[in-house]
Amino acid sequence: MTTIYLIRHAQAEGNLYRRCHSWHNGLITVKGRAQIEALERRFEGVHFDAVYSSDLYRTMTTARAIYRTRDLHLHIDPDLREIGAGVWEDVPWGQLLHDHRGSLTAFLRCDPNWQVEGSETFPAVRRRMARAIRRIAAAHPGQTVAVVSHGCAIRAGLSAFLGLESAQMCQIPLGDNTSVARLEAENGQIRVYRYNDESHLPNSDIPKASISYGIAGMERNALRFQSLLLPQEREQYLAARRDGWQASHGTMDSFDGEAFLRTAEQNSAHAPESVLLALLGDTPVGVLQMDWEQEADLRVGRVPFFYMNPDFRSKGLGVQLLGHAVCTYRAMGRQFLRLRCAPENERAKKFYLSHGFYKVGEEPGGIGHLDTMEKYIGLEL
């Protein structure tokens, strides 16, 4: 009998930034690295003969939990990829909800007829996942194999082996990142022994609401972005700047709104997509300003202004603005994301440090100086 542990990848940027990262490559997050460590502890003492993963960064990185301590080679199989999303790739879920609500609803229901330009269908994913699992099982008779794949792809494969129709695959709950399914293969038959086993994760016994994937959840916490038109919307921008200054420094001393506005207008004139309003549905929740020209020769992406409206702070939404900046600059080939933070702004510093930034220097600004914070955003394993 062949035993296959089918594992969902650890939390990756698409999960955290609330973006459609199907075939789009993104890195494992800070939380994801902790999940990988938990997965490695879970399988201590378990013998493995082979390790497989899709050819995407988040699965290959997660697979290290198994192969790096066992002197095993990682087998790459593109058939283990997530469902291809075509023109939806790297689009914020909030944008898809706003622009394509009906099609997104069909996607979340695993509708066999769902398809957008350049995408796969759920039945196609089901076929290739079943094919990949059968092929792996046949190549390792009597052995134990780890297979690292993706949430929708795993559900599609499990539905085939559980005897469900393609339209029924959403009856299988979507497991948390690094959740484990155990499959047993013998005499050409594959049986699902268990799935969505998250016992190695903290708080794994707490019931999980489907806030990340359902339409209602997206309405509550998935942002979209639109260009902030300058100078037409100057008052909205200046109000955000004033509030951001007060929140950062505890005073309005040295505030120069017109200077900030001139810089924003220059950024916007160069690229309207660089000065953005973040919205939850149609409600403004923040402002993201990028300077596409500053330090471009150093492969740095600069963020001159990162702002959340007071009513939406500490709700887990700010990371989506950060993610939009990361994905925008990465697509330009930038290697680092750089911004400035008031040293007295403890809340902001804690946020940046928790998402992989570190202090690299100081710059004039604010009411004295500002800390220069940097995050590596290049794609490498």
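The largest cavity in this predicted model holds about 90 Å³ of space, and a search of the whole structure finds 1 cavity of 30 Å³ or more. A cavity here is a set of points, on a 1 Å grid over the protein atoms alone, where a 1.4 Å probe fits but cannot get out; a pocket is an open set with protein on both sides within 12 Å along at least five of seven lines, and lining residues have an atom within 4 Å of a point. Residues are numbered from 1 along each chain as its sequence is written, and side-chain values use heavy atoms, with hydrogens and water left out. As the model is predicted, local features need pLDDT of at least 70 and side-chain atom pairs count only at pLDDT 80 or more, while totals for chains, interfaces and linings use all residues.

**Largest cavity**

- Of its 15 lining residues, Arg-8, Ile-154, Gly-175, Ser-179 and Asn-196 are the closest to the centre of the largest cavity.
- At least two lining residues each come from β1 (2-8), α8 (151-161), β5 (180-186) and β6 (189-197); helices (H or I, at least four residues) and strands (E, at least two) are DSSP runs, numbered from the N terminus.
- The most is given to this lining by α8, with 4 residues.
- The lining of the largest cavity divides into 9 nonpolar, 4 polar and 2 charged residues, where Ala, Val, Leu, Ile, Met, Phe, Trp, Tyr, Cys and Pro count as nonpolar, Asp, Glu, Lys and Arg as charged, and the others, Gly among them, as polar.

**Second largest pocket**

- The second largest pocket has a volume of about 1100 Å³, a volume being the space filled by probe spheres set on grid points that are joined across faces, edges and corners.
- Its lining has 44 residues, and Ser-248, Phe-306, Asn-345, Ala-348 and Tyr-352 lie nearest the centre of the pocket.
- Elements giving two or more residues to this lining include α10, α11, β10 (300-308) and α12 (318-331).
- With 7 residues, β10 gives the most to the lining of the second largest pocket.
- By class, this lining has 21 nonpolar, 14 polar and 9 charged residues.

**Packing of α7 and α8**

- The axes of α7 (residues 122-139) and α8 come within 8 Å and cross at roughly 75°; axes are lines fitted to C-alpha atoms, for helices over the stretch in contact, and angles run from 0 to 180 degrees between N-to-C directions.
- That makes α7 roughly perpendicular to α8, as angles under 35 degrees count as roughly parallel, over 145 as roughly antiparallel, 65 to 115 as roughly perpendicular and the rest as oblique.
- Residues of α7 in the contact (heavy atoms within 4.5 Å) include Met-129 and Ile-133, and those of α8 include Ile-154 and Phe-161.
- This contact of α7 with α8 divides into 9 nonpolar, 2 polar and 2 charged residues.

**Packing of α10 and α11**

- Helix α10 (residues 234-249) packs on helix α11 (residues 257-270) at an angle of about 125°, with the axes 10 Å apart.
- That makes α10 oblique to α11.
- Arg-234, Tyr-237, Leu-238, Arg-241 and Trp-245 in α10 meet Gly-257, Glu-258, Phe-260, Leu-261 and Ala-264 in α11.
- The residues of this contact of α10 with α11 are 6 nonpolar, 1 polar and 3 charged.

**Backbone**

- The peptide bond from Leu-230 to Pro-231 is cis, with omega near 10°, and Pro-231 is in the loop between β7 (224-227) and α10.
- Cys-110, a residue other than glycine, has a positive phi near 60° and sits in the loop between α6 (101-108) and α7.
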